[in-house]
Amino acid sequence: MIDKLDKIFELREDFMHEINKSSNVYPNGWPLKMSEKSSQQQIREVTLRGVEEIFEALQLLKNTKVHRQTDMPDIDRDDFLEEFVDAQNYFISLLILSGYSVDDFFDMYLKKHNIILERIKNKY
């Protein structure tokens, strides 16, 4: 049985193939040769598109200004989540473009998780 993370990567790569057929978004295909200038430029572009989506999510937060006297607690949670999904789509595309598999991502996630837990335990 396929797990959820595997499915997300699979769906994203399927989407990348479809958009590439219709719009040639990834003219050199993937994985990119990360040492090449054009590949680094494409990686940067995809990364920035994901960051833009994060900013769109943050713009939905209306109650963040310390100096604001009025309380604006309402937020459309579905819109907020949708913007994060948009961002993750770009970031997952970035991993796929860079030649990383779902296993590469998961293994590094676990490694980094253990590193930051150790930092907390050691009062880093």
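Analyst: A salt bridge is a side-chain nitrogen of Lys or Arg within 4 Å of a carboxyl oxygen of Asp or Glu, and by this rule the count comes to three salt bridges. This is a predicted model, in which local features need pLDDT of at least 70 and side-chain atom pairs count only at pLDDT 80 or more, while totals for chains, interfaces and linings use all residues. Residues are numbered from 1 along each chain as its sequence is written, and side-chain values use heavy atoms, with hydrogens and water left out.

User: Which residue forms a salt bridge with E45, and how far apart are the closest N and O atoms?

Analyst: The partner of E45 is R49, with the closest N and O atoms 3.0 Å apart. Both residues lie in helix α2 (residues 37–59), four residues apart, about one turn of the helix, where helices are DSSP runs of H or I with at least four residues, numbered from the N terminus.

User: At what angle do helix α1 and helix α3 pack?

Analyst: Two packed helices are described by the angle between their axes and the distance between the axes. Here helix α1 (residues 4–23) and helix α3 (residues 77–97) pack at an angle of about 80 degrees, with their axes 10 Å apart; the axes are lines fitted to C-alpha atoms over the stretch in contact, and angles run from 0 to 180 degrees between N-to-C directions. That makes α1 roughly perpendicular to α3, a term used for 65 to 115 degrees.

Terms used
Helices (H or I, at least four residues) and strands (E, at least two) are DSSP runs, numbered from the N terminus. Angles under 35 degrees count as roughly parallel, over 145 as roughly antiparallel, 65 to 115 as roughly perpendicular and the rest as oblique.
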